[in-house]
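Here is a short briefing for a reader new to this structure. Keep the sequence and the 3D view at hand while you read.

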Amino acid sequence: MPPFIRTSILKRGEPFEILVNGRPVTAFAGESVAAALLARTDDSSRHSNLFCGMGACFGCLVTVDGVPNVRSCATLVRPGLCVETRYTASLPSANANG
Ligand code: FES
């Protein structure tokens, strides 16, 4: 059995702010956007579609700096990053004639 590792001795990267749905959120260097979203406790920025956590399922799509459909689990945070968790993809028109 592997030795138990106390998470309290693990060191996080430097803290900085990102924006999630227009609200400031503290993130840490080296973590993914998904990790930063999961660390939040308020429902407005919580990430509910995280499934595989390794870039395979595309369940964690968010908009990052205006770019839609970015996998949050495979994207590292950086200072000033703007994340939108609301579904913003546009659907094709039901009217074939435009
Ligand atoms: S959780 Fe599966 S791709 Fe991000």
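**Overview**

Helices (H or I, at least four residues) and strands (E, at least two) are DSSP runs, numbered from the N terminus. Read from the N terminus, the order of elements is β-β-α-β-β-β.

This is a predicted model: local features need pLDDT of at least 70, side-chain atom pairs count only at pLDDT 80 or more, and totals for chains, interfaces and linings use all residues. Residues are numbered from 1 along each chain as its sequence is written.

**Burial and contacts**

- The chain has 98 residues, and 19% of them count as buried. A residue is buried if 20 or more other C-beta atoms lie within 10 Å of its own, exposed if 12 or fewer, and partly exposed in between; C-beta atoms are placed from the backbone.
- Take the contacts in the chain with a separation of 6 or more: residues 24 or more positions apart account for 36% of them. Two residues are in contact if their C-beta atoms, placed from the backbone, lie within 7 Å.

**The sheet**

- Five strands form an open sheet with mixed pairing, in the order β2-β1-β5-β3-β4. Two strands pair if DSSP finds at least two bridges between them.
- β2 and β4 (67-71) are the edge strands, and each pairs on one side only.
- On average, neighbouring strands of this sheet are turned by 40° against each other, direction ignored. Axes are lines fitted to C-alpha atoms, for helices over the stretch in contact, and angles run from 0 to 180 degrees between N-to-C directions.

**Strand pairs**

- Strand β1 (residues 15-20) pairs with strand β2 (residues 23-28) in the antiparallel sense, over six bridges.
- Pro15 has Phe28 in β2 as its bridge partner.
- The hairpin of β1 and β2 has two residues between the strands, and Asn21 takes a positive phi near 50° there.
- β3 and strand β5 (residues 82-84) run antiparallel and are joined by two bridges.
- Thr63 has Glu84 in β5 as its bridge partner.

**The core**

- The largest nonpolar core has 13 residues, and Ile18, Val33, Ala36 and Val83 have the most contacts inside it. Such a core is a set of buried Ala, Val, Leu, Ile, Met, Phe, Trp, Tyr and Cys residues joined through C-beta atoms within 7 Å.
- β1, α1 (33-38) and β3 (61-64) are the elements that give two or more residues to this core.
- α1 gives the most, with four residues.
- Which residues does Ile18 touch, not counting those up to four places away in sequence? They are Val25, Ala27, Ala36, Val77, Gly80, Leu81 and Val83.
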